[in-house]
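Student: I would like a close look at a single part of this model. Please keep to one chain and describe how it is built.

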Amino acid sequence: MAQAGKGRLNYRCPSCFLRDIDMDMFYDKEKNEYYCLRCQYTGSEADVLEKNQIARMRYRAMMKRFTTFD
Amino acid sequence: MDRFIVNIIHRPEMVPEYAEKVTGQGKKEDLGRKALLTESLDIFRTQQELAHKNGLKTTIQMTYASLFNEEAVELAKEHHQKYGDEIGLSLLGLPCEQFREKYKTKDFCIWMFSLEDKKAIVQDVFGKFYEAFGFYPESTGSYYMDAELINYIKEEYPSVKCAVATCWEEGPKAYHTCNNSWYTFMDGGPWAPWIPSKVNTHAPAACEEEDSGIVAIPHLSRDLLACYDGNGSNFGTHPQNVLRGMIYDSVTWEFPYLYNLIDQYRWQARFNNGIAYNMVFVGPGWMNKMGRWEAPYELLYKSYADCMEYYGGLKKEGKLSDMTMSEFASYYREHKHYTEPECALWRDILYGSDKQLFWYCDPFMRACVNMDQGGAIVDLRPYAAKLPWRVGIGTEHIQDASYPFLIQEKYRAGYFTHYAGEGTVRSAKICHGGEEVDLCLCRTKAHFSREGDDRVLTLDPVEIEFSDLTVKIQSVIAFREGSSDIRITRNVLSMSDPEAEVTIREYMVGCYGTTEYTEDMSSLTLFMEPQENDVDPERGTQRLPVLIPYEYRCREAELAGAAETGCLVPPIKTRVSMTCEGRDKTGFIREGYAFSPMFIIGYCGTLKEKEGFTTWLKLEKAD
C-alpha cells in the first residue's frame, strides 16, 4: 500500500478527542478510511463526523445564550 | 461605571506555528516557501481588516521573521497611521531562515533558551525592530516571559511597559492534549492582567521594590472552569479555541459559547472595582485556506469575523473600550494598586452543570474555591514565597515555568481518591455519633461582597444529615487584602436538637509540585506551636513545639490548644500554617506515607447551635 496522507480536512481522532487528546488522523485511500496512529479508531469521513457529534454530548449548554452569570 | 477593556493583538507570523506540520504535510521543510509567506501575510491583512471594519484598533506585534519582510513593515506603518494601531514586538514567530541560519537551532520559545541566548536574541530582535521603525516598542510578549527575561528587556529597553507573559493553566493538560509534544508548562499564574514581580513572573509584585516595571497580560482570556479541567486551547477568547473544542453547531456554524465567555468576563467587573478585561491574540496559522482542525476556511473566517463584530457591537453600544497594549498598561497603572486582588466568581457556561468556582489572586497567593465541593479550596499557589524559578536551557527547569502548588485537586486527587490515602484539598469534616461528613460533599453557591479590606464569599447554608441529627451550617470565606491568609468561619445556624454538639475537623491536605507526579517530601517538616503558658508536665517548663520531620512513616500528633499548626516546605520556600479560634480547639498534624505522599495540618473542636469556628490559613516565605 502507498503511504497515507492527511485527507480533505484536518480530522482528529474522535475517540482520542473524547479523552482530551488531539490526534490528527491519516487517510488510507485504498480503504477509504481515516485511522488513528495512537488508538485503534478507523472510520470513514461520515463516521468521523458522526462520532464528533458524540464528542459534543458533554457540552450540554453549548447552544444556550446566558444573560446572567449568578 | 464599569469598564470592559479589550486588547486585540495580531502578529504577522511569516512561518506560522503548525504551518509546516499541518498544511505543509508531505512536503520537505522549507521556511522560505513563497506561498507560505504570501498566505501568512494575506491572513494577517484579513485579520486586521476585520478588526478595523468593526471600529477596533489593534496592537500589531511584529515577529522577527516579519521584520525581514518590507511589505509587512509597510503594512504596520500604514495601519499605525490610519487606525492608531500600536506597533509592538513579539518574541513569538522567531522561526525563519535568517533565525535558523544565525542561531543554529529549531527552538522557538524564548523562555526555553539559555539566558545568554535570550539576551542575544532580544538584542537582535529589538535592534532589527529599531532598524525597521526608528523607535523601540512599548509592548512585547510571548506565551511565557520568565523574570530574568523581563528584567533584561526592561533594563535594556525601558520603553517596554506591557507584555504578554503567560497562558493561564497551560501546563501538563496542554502537553497531554498535544500527544505529549507541546512543552508549554506554565500553570499557576494569573488569568487577568497583573504586575509581575522581579523574581517570579507569575507572582504579582507586592510593592514598588518588587515591580518588574511592566504590566503583564495573559495570552487570551480563558474559561476559568473549562480550562481548569480541560485543554486550555479549547476554551478561550480566540475563535479557533472554540473550533478546536468543537463547541459549535456543525450545521449552522453558530457558537454562542464564545459570546457567553466574553460576557462572563464582562460580568467580573462587579468583583474588581468596575474593571473587566479581555485579550485576543491570534497568529495567522490557524486561518489558512486549507482549513484547520475539522473546520473549512469559510468557518475559520466566519468565526473571526463574528468575534470582531461582537466586540465591535459592544463598543458601539458604549460597553467596551478597545485599547492598544501600551494604552492598557498606562490605564492599569492608573487604576490599580499593588495589593489589590483580582477576583472571579465563575460559573459553568458550557457543560450544563451549576458548578461555580471562585478564583482569587494577589501578590501572596492564588486560590480557587469550589462551591460544588462545599467551598473547599482546590488549588493554592503560595506567591508569598516569591519563588525564584529560573527557566530555560542551563537552569534547573528547562521547560517547566509553572508556579508550584500546595493544593491542586486535578493533579493530586482532591477529595476523591482510589482505595487509600488522601488528595490535596482544604475542607472540613463534621462528626457526630461515630458518623463523619465532609463538606466537600455539600454542593452550594457563593455570594460575593466587599467588606472593608475583605473580599468575602458567603456560601448558601448546607444541611448535614446524621442518623439522629440534622445540622445546618454556613461557611464564610474571607480574603483580607495584603494579609496573605484565608479566613474560614463555619457557623452552625441550627440543629434539629438544639442541645446537641458536633465535632468539627478543619484540615488541609497538601504537598508540592507542578505536575501530576509526586515530589520528594523528605525535606518537609510538620510542626505545632503550643499556646503561651502551656507547661509540659514532665519538664515543668513551657511546652516545646511538636515537630515531625517527613519520613513517610504515617505519624501523627495532636496538641490541645495549639497556637499554630503547619508545615515547612523548603523546596518551594514556603511556610504554610493554620491558626484557630473555636471551642475546645486542638491542633493536629499528620505525616503521609509512600502511597499517600501528603501532609495534613488542621484543627478540631466542638460546635453547638449558633456557634462559629474560625481558622486562618496563612502563607509565608520560609526563611
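Student: How many helices and strands are there in chain B, and how do its domains and its contacts with chain A look?

Tutor: This is a predicted model, in which local features need pLDDT of at least 70, side-chain atom pairs count only at pLDDT 80 or more, and totals for chains, interfaces and linings use all residues. Residues are numbered from 1 along each chain as its sequence is written, and chains are lettered from A and ligands numbered from 1 in the order in which they are written.

Chain B has 12 helices and 29 strands (DSSP runs, H or I of at least four residues and E of at least two, numbered from the N terminus). An automatic or database assignment divides chain B into domain 1 (3–347) and domain 2 (364–621). Their centres, taken over C-alpha atoms, are 37 Å apart. Between them, 31 residues of domain 1 of chain B are in contact with 30 residues of domain 2 (C-beta atoms, placed from the backbone, within 7 Å). On the domain 1 side, α5 (115–133) and β9 (342–347) of chain B are the elements that give two or more residues.

Towards chain A, 30 residues of chain B are in contact with 25 residues of chain A. Here α7 (172–177) and α10 (256–267) of chain B each supply at least two residues, and α10(B) gives the largest share, 7 residues.

Within chain B, contacts between residues 24 or more positions apart make up 68% of those with a separation of 6 or more. The C-alpha atoms of chain B fill a box of roughly 85 × 50 × 50 Å along the principal axes.

Technical notes. Contact = placed C-beta atoms within 7 Å.
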